[in-house]
Amino acid sequence: VLPGGVGGNQTLTFRLTVSSGGVSHEDTIDVTVKNVNHASVADAGPTQTVNEASQVALSATNSYDPDGDPIVSYQWNQDSGPSVTLTGGDTAQPGFAAPLLAGGIGGSEILTFTVTASDGLLTGVDTVQVIVEQVNHAPTANAGTDQTKFEDSVVTLNGATSSDPDGDPVTYLWSQVSGPSVVLPNVTNSTPTFTAPAVGPGGALLTFQLLVSD
């Protein structure tokens, strides 16, 4: 293989010597090797395994040209998997944010990307897979707004607007933190009720805690 992409030649000269009866004769032949441009070899890097919502870096820096020519352009494209936005898709090292996956934990999605590397005349192509794995996220507990009630009235606590970012089902657990003690039935319900206790002049403050779990 000759250095340089195309246009250069190199001449190889061979000599043949024939001898007989003490007499010899020589002749030479020239072989001209013409430079032929070879396609760049694209290398999209090894398979990666990443967490959802993490920053991912792709790399084609190990791409090369067998003629020693510089690689003048890169172009990345996503072939499969949940769509993402590539930053620097025309560079050797683009990046993207891994997508969020539905469900709490245990699932995954495979994203496939192709890089095309060019020396300006011919191109090479390679693909890489990025395996995105689910990460379990904590649910958000919402115990509702503060309430003011008369003694002996029915009070309803409301944690129904609590949520889980993964879409997982959640369980509830209410407990009283402070104030005159009350009987709180159905503590695992999102909206338990109780009867407000009798209090002295000025009233009393009751505090409840809601624990939400996926």
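**View 1. Thr-17 faces Glu-26 across a pair of strands.** In this predicted model, Thr-17 has Glu-26 of β2 as its bridge partner. Strands here are DSSP runs of E with at least two residues, and helices are runs of H or I with at least four, numbered from the N terminus. Two strands pair if DSSP finds at least two bridges between them.

View 2. Strand β1 (residues 9–20) is hardly covered either, with a buried count of 0 among its 12 residues. Buried means under 20% relative accessible area, exposed means over 50%, and partly exposed lies in between (1.4 Å probe, protein chains only).

**View 3. Thr-28 and its surroundings.** Thr-28 is found in strand β2. This residue is partly exposed, with a relative accessible area of 45%. Which residues does Thr-28 touch, leaving aside its neighbours within four places in sequence? They are Thr-13, Phe-14 and Arg-15, where contact means heavy atoms within 4.5 Å. The C-alpha atom of Thr-28 is separated by 6.0 Å from that of Leu-16, a residue 12 places away along the chain.

**View 4. An open sheet of 4 strands.** Here the strands line up in the order β3-β8-β7-β5, with mixed pairing. β3 (48–51) and β5 stand at the edges with a single partner strand each, so one side of each is left without a neighbour in the sheet. From one strand to the next, the twist averages 30°; the angle is taken between N-to-C directions of lines fitted to C-alpha atoms, on a scale from 0 to 180 degrees. β5 and β7 run antiparallel and are joined by 7 bridges. For a landmark, find Asn-77, which stands opposite Thr-114 in β7.

**View 5. The largest nonpolar core.** This core has 21 residues, and those with the most contacts inside it are Trp-76, Phe-96, Phe-113 and Val-130. A nonpolar core is a set of buried Ala, Val, Leu, Ile, Met, Phe, Trp, Tyr and Cys residues joined through side-chain atoms within 4.5 Å. At least two residues of this core come from each of β5 (73–80), β7 (108–118) and β8 (123–133). Which strand gives the most to this core? That is β7, with 4 residues. Zooming in on Phe-96, and not counting residues up to four places away in sequence, its contacts include Val-56, Leu-58, Leu-86, Leu-111, Phe-113 and Val-130. A second, separate core of 11 residues includes Val-155, Trp-174, Phe-194 and Phe-208.

**View 6. Two loop residues with positive phi.** Ala-53 is found in the loop between β3 and β4 (55–57). Although Ala-53 is not a glycine, its phi is positive, near 70°. At 46% relative accessibility, Ala-53 counts as partly exposed. Asp-152 sits in the loop between β8 and β9 (154–156). Asp-152, also a residue other than glycine, has a positive phi of about 70°. With 57% relative accessibility, Asp-152 counts as exposed.

**View 7. Stepping back to the whole chain.** The protein has 0 helices and 12 strands. Its C-alpha atoms fill a box of roughly 135 × 30 × 25 Å along the principal axes. The radius of gyration is 37 Å, whereas a compact globule of 214 residues would have one near 17 Å; the value is taken over C-alpha atoms, and the globule rule is 2.2 Å times the number of residues to the power 0.38. Of the 214 residues, 29% count as buried.

**Notes.** Residues are numbered from 1 along each chain as its sequence is written, and side-chain values use heavy atoms, with hydrogens and water left out. Because the model is predicted, local features need pLDDT of at least 70 and side-chain atom pairs count only at pLDDT 80 or more, while totals for chains, interfaces and linings use all residues.
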